[in-house]
Amino acid sequence: MKISSEFILKAMRVLAWIAFIGLLIKAGAVIMSYGVSIQNPEASKDLYKGMDLSRYFEYNFVHYSIITFYYIFLYLLQAYVALFATRLLSEINLEKPFTTTVASILQKISSIIFGVWILAIVHNIHVELLAKYATIKAEPFAVEFIFVAGIVYILAQLFKKGIVMQNENELTV
């Protein structure tokens, strides 16, 4: 049984939609839990699936709010990347993959992932400063986003070059 590339692209598009919806639900759950934790500080011990930010709440409500919003923005930016991935997977044509639309979407995905990396760096600096001066255990975000952003950026550049080559090839035929 041979699985076609078209089928794989459709399956990946469905998975990207599932990731998009899941990340939106995750962001929404953190927002709702944060709203509850404003009135009930006990809720900060389990914002979402064991996410315990109570130590920040006990130290300072402003720092707690900022760190909670880091998480919310992280999930929303990841959802935005998943949304662009669905768009990319629906736009790509295996017969002529090098289009300006695909290159543009790849460029946007790269920029968003770079933004996620900047957010992660700012968050990590913030929690490390709190760990240093307030003796609160820091839980930094992963910072591998820059690597992924670089790879997607390189792919976008390759697609731009592919567009030029594809257009030249069409002119010579």
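Colleague: Why is Phe61 called partly exposed?

Modeller: This is a predicted model, and in it Phe61 has a relative accessibility of 35%. Buried requires under 20% and exposed requires over 50%, so Phe61 at 35% counts as partly exposed.

Colleague: Why does Tyr64 count as buried?

Modeller: The relative accessibility of Tyr64 is 0%. The cut-off for buried is under 20%, so Tyr64 is on the buried side.

Colleague: How many aromatic pairs are there?

Modeller: The count comes to 13 aromatic pairs.

Colleague: What makes the pair of Phe61 and Tyr64 tilted?

Modeller: The ring centres of Phe61 and Tyr64 lie 6.0 Å apart, and a pair needs centres within 6.5 Å, so the two rings pair. Their planes stand at 45°. Stacked needs under 30 degrees and edge-to-face needs over 60, so 45° leaves the pair as tilted.

Colleague: How do you know that Phe61 and Tyr64 are separated by about one helical turn?

Modeller: Phe61 and Tyr64 are three residues apart in helix 3, residues 61-91, so about one helical turn separates them. Phe61 and Tyr64 also belong to one aromatic cluster, together with Tyr34, Phe57, Phe69 and Phe73.

Colleague: Which helices supply at least two residues each of the nonpolar patch?

Modeller: Helix 4 (100-134) and helix 5 (145-172) do. The patch covers about 970 Å² of surface, and its residues include Phe114, Ile118, Ile146 and Ile154. Helix 5 gives the largest share, eight residues, and Ile154 has its place in helix 5.

Colleague: What makes the reach of helix 5 close to the expected one?

Modeller: Helix 5 has 28 residues and reaches 41 Å from its first C-alpha to its last, against 40 Å expected at 1.5 Å a residue.

Colleague: Which residues of helix 5 are buried, and what do they pack against?

Modeller: The buried residues are Ala149, Val152, Ala156, Phe159, Gly162, Ile163 and Gln166. The buried residues of helix 5 pack against helix 4.

Colleague: Why is Ser110 called buried?

Modeller: Ser110 is in helix 4. Its relative accessible area is 6%, and buried means under 20%, so Ser110 is buried.

Colleague: What does Ser110 touch?

Modeller: Leaving out residues up to four places away in sequence, Ser110 touches Ala149, Val152 and Tyr153. Ala149 and Val152 are among the buried residues of helix 5, while Tyr153 is one of the residues that make the nonpolar patch.

Key
Residues are numbered from 1 along each chain as its sequence is written. This is a predicted model: local features need pLDDT of at least 70, side-chain atom pairs count only at pLDDT 80 or more; totals for chains, interfaces and linings use all residues. Side-chain values use heavy atoms; hydrogens and water are left out. Helices (H or I, at least four residues) and strands (E, at least two) are DSSP runs, numbered from the N terminus. Buried means under 20% relative accessible area, exposed over 50%, partly exposed in between (1.4 Å probe, protein chains only). Patches are made of residues with over 30% relative accessible area and no salt bridge: like charges are joined within 9 Å, nonpolar side chains (Val, Leu, Ile, Met, Phe, Trp, Tyr) within 5 Å. Accessible areas come from the Shrake-Rupley method with a 1.4 Å probe; for residues, only the protein chains shown count as cover. A salt bridge is a side-chain nitrogen of Lys or Arg within 4 Å of a carboxyl oxygen of Asp or Glu. The expected span of a helix is 1.5 Å times one less than its number of residues. Contact means heavy atoms within 4.5 Å.
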